[in-house]
Amino acid sequence: MTLLVHTYVRGRSGEDHFLDDPDHGLTLSGFESSRTKLWGSQPVRDLGARFLPQLATANLCVDPEDIPAFLAECELLRGHIAALAAHSGYFDDYVAARLANITAAAVRARDVDGGVIVW
């Protein structure tokens, strides 16, 4: 299985509507094993991340009001890609690309007052 990231907006009656996906591959956020080996790993937690570690036990839904904090978390992790890759066993490019996809979804969410789901 593969983790995917999507951007959504809430309708007036509270239902979520997913935005159109970007080009092929830009919704990928990792292998299923990335839940624990990368995003939910102790090094990510030690950096102070609070959103992405949730993937170790569940899907992640970031509500619109939490998008600024989520973007800050993504930026924090971006500065530690080499260390996170070394710990997880994934290549630097793999970690950087998956984090870039997650960050891009969060930027889209911010621009439309939406949220992000990683599942």
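Which residues are buried in helix α4 (residues 81-88)? In this predicted model, the buried residues of α4 are Ile81, Leu84, Ala85 and Ser88. Viewed down the axis of α4, these residues fall within an arc of 100 degrees, so they line one face of the helix.

**Helix α4 and its surroundings**
- An α-helix has 3.6 residues a turn, so residues three or four places apart point the same way.
- The buried residues of α4 are covered by elements including α1 (34-39), α2 (42-46), α3 and α5.
- Glycine 89 follows α4 and has a positive phi, near 90 degrees.

**Packing of α3 with α5**
- The axes of helix α3 (residues 67-78) and helix α5 (residues 92-112) come within 10 Å and cross at roughly 155 degrees.
- Angles over 145 degrees count as roughly antiparallel, and α3 and α5 are therefore roughly antiparallel to each other.
- The crossing in which α3 passes α5 is left-handed.
- On the α3 side, the contact is made by Ile67, Phe70, Leu71, Cys74, Leu77 and Arg78; α5 contributes Leu99, Ile102, Thr103, Ala106, Val107, Ala109 and Arg110.
- Classified by residue type, the contact of α3 with α5 comprises 10 nonpolar, 1 polar and 2 charged residues.

**Aspartate 113**
- Aspartate 113 lies in the loop between α5 and β5 (115-118).
- The phi of aspartate 113 is near 55 degrees, a positive value in a residue other than glycine.
- Most residues other than glycine have a negative phi.
- Aspartate 113 is exposed, its relative accessible area being 60%.

Definitions and conventions
Residues are numbered from 1 along each chain as its sequence is written. This is a predicted model: local features need pLDDT of at least 70, side-chain atom pairs count only at pLDDT 80 or more; totals for chains, interfaces and linings use all residues. Side-chain values use heavy atoms; hydrogens and water are left out. Axes are lines fitted to C-alpha atoms, for helices over the stretch in contact, and angles run from 0 to 180 degrees between N-to-C directions. Helices (H or I, at least four residues) and strands (E, at least two) are DSSP runs, numbered from the N terminus. Angles under 35 degrees count as roughly parallel, over 145 as roughly antiparallel, 65 to 115 as roughly perpendicular and the rest as oblique. A crossing is left-handed if the near helix is turned anticlockwise from the far one by less than a right angle, and right-handed if clockwise. Contact means heavy atoms within 4.5 Å. Ala, Val, Leu, Ile, Met, Phe, Trp, Tyr, Cys and Pro count as nonpolar, Asp, Glu, Lys and Arg as charged, and the others, Gly among them, as polar. Buried means under 20% relative accessible area, exposed over 50%, partly exposed in between (1.4 Å probe, protein chains only). The arc is that of the directions from the helix axis to the C-beta atoms.
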